Amino acid sequence: MDTVPLFQLQILSAILFAAGLATVLVRRNLFFVLMGVELMLNAANLSFLSWSRVQAGAATLEGQVAPLFSIAIAAAEACVGLAMLLAVFRTRETLDTDAYSKMKE
Amino acid sequence: MIAQVYFWIFAAIAVACAFSVLASRHPINGAMALIGTMVSLAGVYSLIASPFLATLQILVYAGAIMMLVVFVIMVLNSAKDHYTPMLDGLGAFGFVIAALIGVLVARVFVGLDGKASVKINPSAPRGDVEAISKTLFGSGMHTGGWALLFLAIGLVLLTAIVGAVLLAKRHLDTAETSTEGGH
């Protein structure tokens, strides 16, 4: 069975991670910050999974179980993150991160 | 070579959607593009013989998590990006940092191409439901204690849900809404 080379998978993962990091750093909307974090977690999962295919036997399967926990952590993160976003929006009435400058004043 | 063709299609869709998350103005457009990235990543997962993780990717990521995100975007209707500059000093700095990290990581992985020991193992077992459930819940000597970790992750999710409810309902305790709810 033909497969995809490891380095192509890893470079796809690196590109997706860089796109997610750029989204977190550049965008000023809290929704986009959260979505950038999700994108970075996806890239990490892809890297995890492609490295698990390098191993043999039980190590491959353990490498496939680890992203499952990463997905569960991502679900918890999205849940708490969105609740915090709601709470922040209720007090400040904006999602613009440039507006959250109360600690600077 | 058919796997390679499918991989290029999925990778092109994933990268295009990822950059449109970066570029889109309204959060709904960004969320839809992110769902595109996640679904094509599920395709990549099934290409590298991990059908269970591909299913989980669509069910949990593209289904549950992004549904929650889209739901909150629709609740906060005034959440549109107010055309904040993306290419001022801070934004350009972010682009440079992200590109630098991406290039550095990619540079490391390009070196993997020639090394014989770090190739995809074609005889590695398929990550289907049976194999993964045996690893996760198996009770032999050589299981890595994943079942205990699975219980712990249940507690983490429960804590996250309780915390989210507490964070989101705090507003109900303040005076303005309690008088509203009084009559």
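This is a predicted model: local features need pLDDT of at least 70, side-chain atom pairs count only at pLDDT 80 or more; totals for chains, interfaces and linings use all residues.
**View 1. Chain A on its own, three helices and no strands.** Start at the N terminus and the elements simply read α-α-α. Along the principal axes, the C-alpha atoms take up a box of roughly 60 × 25 × 20 Å. The radius of gyration is 18 Å, whereas a compact globule of 105 residues would come in near 13 Å. Even so, 54% of the 105 residues in chain A are buried. Among contacts with a separation of 6 or more, 49% link residues 24 or more positions apart.

**View 2. The side of chain A that touches chain B.** Here 68 residues of chain A meet 82 residues of chain B. Helix H1 (6–26), helix H2 (30–52) and helix H3 (58–92) of chain A each put in at least two residues. Which helix gives the most to this side of chain A? That would be H3(A), with 25 residues. Sorted by class, this side of chain A has 49 nonpolar, 11 polar and eight charged residues.

**View 3. H2(A) packed on H2(B).** The partner in chain B is helix H2 (residues 27–47), and the two axes sit 11 Å apart at an angle of about 5 degrees. Angles under 35 degrees count as roughly parallel, so that is what H2(A) is to H2(B). On the chain A side, look for A:Phe31, A:Phe32, A:Met35, A:Glu38, A:Leu39, A:Asn42, A:Leu46 and A:Leu49. Across from them, H2(B) brings residues including B:Pro27, B:Gly30, B:Leu34, B:Met38 and B:Tyr45. The class tally for this helix pair is 13 nonpolar, three polar and one charged.

**View 4. The largest nonpolar core, with residues from both chains.** This core holds 72 residues, and those touching the most other members are A:Leu16, A:Met35, B:Leu34 and B:Val69. Two of these names, A:Met35 and B:Leu34, also belong to the H2(A)–H2(B) contact. H1(A) has the largest share, 13 residues.

**View 5. Zooming in on A:Leu16.** What does A:Leu16 touch once neighbours within four places in sequence are set aside? Within chain A, the contacts are A:Leu39, A:Asn42, A:Ala43 and A:Leu46. From chain B come B:Ala14 and B:Ala18.

Notes. Residues are numbered from 1 along each chain as its sequence is written. Chains are lettered from A and ligands numbered from 1 in the order in which they are written. Helices (H or I, at least four residues) and strands (E, at least two) are DSSP runs, numbered from the N terminus. The radius of gyration is taken over C-alpha atoms; the globule rule is 2.2 Å times the number of residues to the power 0.38. A residue is buried if 20 or more other C-beta atoms lie within 10 Å of its own, exposed if 12 or fewer, and partly exposed in between; C-beta atoms are placed from the backbone. Two residues are in contact if their C-beta atoms, placed from the backbone, lie within 7 Å. Ala, Val, Leu, Ile, Met, Phe, Trp, Tyr, Cys and Pro count as nonpolar, Asp, Glu, Lys and Arg as charged, and the others, Gly among them, as polar. Axes are lines fitted to C-alpha atoms, for helices over the stretch in contact, and angles run from 0 to 180 degrees between N-to-C directions. Angles under 35 degrees count as roughly parallel, over 145 as roughly antiparallel, 65 to 115 as roughly perpendicular and the rest as oblique. A nonpolar core is a set of buried Ala, Val, Leu, Ile, Met, Phe, Trp, Tyr and Cys residues joined through C-beta atoms within 7 Å.
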